[in-house]
Amino acid sequence: MPVNPFLRRISETPHAEKLKLQLISAEGHCVTLKLPFSEEIIGDPVNRFIHGGAITTLIDTACGAAIFQAQNSLRSLATLDLRVDYMCPAASGEDVHATAECYRLTHTIAFVRASVFTDDIKNPIATALATFMRSNTEFPVT
């Protein structure tokens with residue numbers, strides 16, 4: 001399956017641009033994004049952990065990207081439910097990755113799971129399950 005052309009522009013959304021999210025890979029129904037480390041994403045200045053909001057944005061964006069890849073279109077979608085289980089804090093100094101898989105598409109709902117990690121997907125920082133509503137219209141692309 002070729003990479004959905006929209007995924008090449010994933011870093012152009014306001015949140016993704018601010019966090020400098022990068023597309024690392026897109027294969028089949030799976031997408032991996034990277035959140036590069038920067039001082040701006042530190043949420044706990046004492047322990048220097050990465051802010052949970054940055055991790056959640058990474059997860060939500062990776063899940064949406066996996067759906068675009070799976071449906072092979074720009075059909076609009078919206079997050080209905082996003083459950084994140086944080087296993088441990090994300091320490092500063094390391095890039096964080098999220099791999100998301102869209103494992104089921106219905107006409108109106110997409111189901112996605114994701115793992116967040118630094119250097120080893122088998123040692124996740126967080127895992128997530130999400131559902132997204134799928135629209136009948138496509139995102140406007142300029």
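Is helix H2 largely enclosed by the rest of the structure or left open, and how many of its 20 residues are buried? In this predicted model, 16 of those 20 residues are buried, so H2 is largely enclosed by the rest of the structure.

Let's step back to the whole chain. There are 2 helices and 8 strands, and from the N terminus on they run α-β-β-β-β-α-β-β-β-β. For 142 residues, a compact globule would have a radius of gyration near 14 Å, and the chain comes in at 15 Å, which agrees. Here are some overall values for the chain.

| Property of the chain | Value |
|---|---|
| Accessible surface | about 7600 Å² |
| Carbon and sulfur share of that surface | 54% |

Now for the inside. The largest nonpolar core holds 39 residues, and Leu 35, Val 96 and Val 116 have the most contacts within it. At least two core residues come from each of H1 (14-19), E2 (30-35), H2 (52-71), E6 (96-105), E7 (109-117) and E8 (126-138). H2 gives the largest share, with 11 residues.

Leaving aside residues up to four places away in sequence, its partners include Ile 55, Leu 58 and Ile 59, along with Val 96 and Pro 124.

Back to H2 itself: at 1.5 Å a residue its 20 residues should span 28 Å, and the end C-alpha atoms sit 29 Å apart, which agrees. Just after H2, Asn 72 takes a positive phi of about 50°.

How values were computed. Residues are numbered from 1 along each chain as its sequence is written. This is a predicted model: local features need pLDDT of at least 70, side-chain atom pairs count only at pLDDT 80 or more; totals for chains, interfaces and linings use all residues. Side-chain values use heavy atoms; hydrogens and water are left out. A nonpolar core is a set of buried Ala, Val, Leu, Ile, Met, Phe, Trp, Tyr and Cys residues joined through side-chain atoms within 4.5 Å. Buried means under 20% relative accessible area, exposed over 50%, partly exposed in between (1.4 Å probe, protein chains only). Helices (H or I, at least four residues) and strands (E, at least two) are DSSP runs, numbered from the N terminus. Contact means heavy atoms within 4.5 Å. The expected span of a helix is 1.5 Å times one less than its number of residues. The radius of gyration is taken over C-alpha atoms; the globule rule is 2.2 Å times the number of residues to the power 0.38. Accessible areas come from the Shrake-Rupley method with a 1.4 Å probe; for residues, only the protein chains shown count as cover.
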